[in-house]
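Look at the charged side chains in the model below. Which of them pair up, and where do they sit?

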Amino acid sequence: MPAIVAPVPSTHPTGYSAAQIVLHWVIAAMVVFQLVMGEEIAETYRVYRQGRAADADELFQADIHVYIGLAVLVLAVARLVLRVTHGAPPLPAGQPKIQTAIAHLAHAVLYVAIFAMPISGAVAWYLDVPLAGEVHELAKPVIIVTVLVHAVGALLQHFVKRTDVLTRMLRPERRTA
């Protein structure tokens, strides 16, 4: 029976594929949008929990938040499949172990967040599970701090350490045949 997913590459690629780069930036933009514009859904959720009807504007904003959250989840699955099948370039050689640990931790937390946030939000919204809504709300500051650590790390790599960490997320890897 043929494999559904290609095996993990045995060597690290030198850069990210165009699809990986597009997914990174689209998901990043959607997450920032959700963080900035997502407050309204909390109020709409409270209105529903109290047995009151939300107005059309509240419902529209809540729908946008839910649909973008679900889109993040779908794109996160695609991104994870690409990471497994294409791989990721290695971190710069010779960087301090603490910096490597922070980079790995930030990436792990971001991957967990882009799955956990939409799932917990959907469970709270569609299945009316208040605990899932609490998890969703508590995860918000975690993702904000992690995104900031991730962005500052990339900028430090680019401007201070003068590595290609940032540019390889801007330009796709060139493959030679």
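**Salt bridges in the model**

Arg 46 and Glu 43 share helix α2, which spans residues 39-49. Three residues, about one turn of the helix, separate them. This is a predicted model, and here the two side chains form a salt bridge, with the closest N and O atoms 3.8 Å apart. Arg 46 is partly exposed, at 44% relative accessible area. Glu 43 is also partly exposed, at 33%.

Side chains of opposite charge can pair when their charged atoms come close. How many salt bridges does the model hold? The count is four.

Turn next to Arg 49. Its side chain meets that of Asp 128 in a salt bridge, at 2.8 Å from N to O. Arg 49 belongs to helix α2, whereas Asp 128 lies in the loop between α4 (97-127) and α5 (130-159), so this pair ties together parts that are 79 residues apart in sequence. Arg 49 is partly exposed, with 43% relative accessibility. Asp 128 is partly exposed as well, at 42%.

A further pair is Asp 164 and Arg 168. They form a salt bridge whose closest N and O atoms are 3.8 Å apart. That distance qualifies because the cut-off is within 4 Å. Arg 168 is buried, with a relative accessible area of 9%. Arg 168 counts as buried because its 9% falls under 20%.

Notes. Residues numbered from 1 in each chain as written. Predicted model: local features only at pLDDT ≥ 70, side-chain atom pairs only at ≥ 80, totals over all residues. Heavy atoms only, no water. Helix = DSSP H or I, 4+ residues; strand = E, 2+ residues; numbered from the N terminus. Buried < 20%, exposed > 50% of the residue type's maximum accessible area, 1.4 Å probe, protein only.
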